[in-house]
Amino acid sequence: MPDRAVIFDLDGTLVDTAPDLMRATNHVLEARGRRPITMDEVRVFVGHGARSLLTRGLAATGGLPDNYDVEPDYERFVAYYSRNIADDSVAFPGLVPLLERLRRGGVGLGVCTNKLEGLSNQLLEALDLAKFFGSVVGPDTLGVAKPDPRPFREALTRLGPTRSRAVMVGDSETDILTARNAGVPVIGVPFGYTPRPVREFGPDRMINHFDEAYEAIVSLLPPRP
């Protein structure tokens, strides 16, 4: 049985979710009488989960309230986002052909994200991508988030004990650190959400489009002789 696997980040790597994340964040900000954040802002703020997205959004639109408790805003965000999770979110170009090719080759596919596991599954189902993935792990799955390597390892474990060789694909410093902490190679994509170009964090390979990804993956995880 093939022993190779690819574990992907979700937001900004598999799917351009920024429009729907921006709308959900602005729903919360509007309730607080704040200005909406822009697309440029949300693309920098995403990556460490919804609580971080909300606190960064508040900080950028007037500062955090005194004795701020993020949980009521977080609950409002999740409720709104879950109702509108795929209104404008789309898979990045070239993704589906890549996933089909990897699956035909027997490569295990998983997702390791800082989006809640339930929301991640909901989004993947809505975009008809769930059928490709044998595992989806979020920060609530184990109670820890990337760049801790445990969510990555859990995503790999859920693909089966034979999936011993793996590569990470991600768009941010968090993903590069996750791969380094897990001791696996990592491919960076430049079209996601990060305040600094992902190239600066030293991925093993960079691709500019998913059309380039298969060759990059094979170069890092060649089939056994």
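In the predicted model described here, Leu109 is in contact (heavy atoms within 4.5 Å) with Val6, Phe8, Leu99, Leu102, Phe132, Phe133, Gly134, Ser135 and Leu159, leaving aside its neighbours within four places in sequence. Leu109 also belongs to the largest nonpolar core, which holds 54 residues, and it is listed with Val6, Phe8, Phe77, Phe133 and Phe210 as touching the most other members. A nonpolar core is a set of buried Ala, Val, Leu, Ile, Met, Phe, Trp, Tyr and Cys residues joined through side-chain atoms within 4.5 Å, where buried means under 20% relative accessible area with a 1.4 Å probe, protein chains only. A second, separate core of 18 residues includes Ala5, Val137, Val198 and Met206.

Of the 225 residues of the protein chain, 53% count as buried. Among contacts between residues at least 6 apart in sequence, 67% join residues at least 24 apart. The radius of gyration, taken over C-alpha atoms and compared with a globule rule of 2.2 Å times the number of residues to the power 0.38, is 17 Å, which agrees with the value near 17 Å for a compact globule of 225 residues. Along its principal axes, the C-alpha trace spans about 60 × 30 × 30 Å.

Residues are numbered from 1 along each chain as its sequence is written. Because the model is predicted, local features need pLDDT of at least 70 and side-chain atom pairs count only at pLDDT 80 or more, whereas totals for chains, interfaces and linings use all residues, and side-chain values use heavy atoms, with hydrogens and water left out.

How values were computed: Buried means under 20% relative accessible area, exposed over 50%, partly exposed in between (1.4 Å probe, protein chains only).
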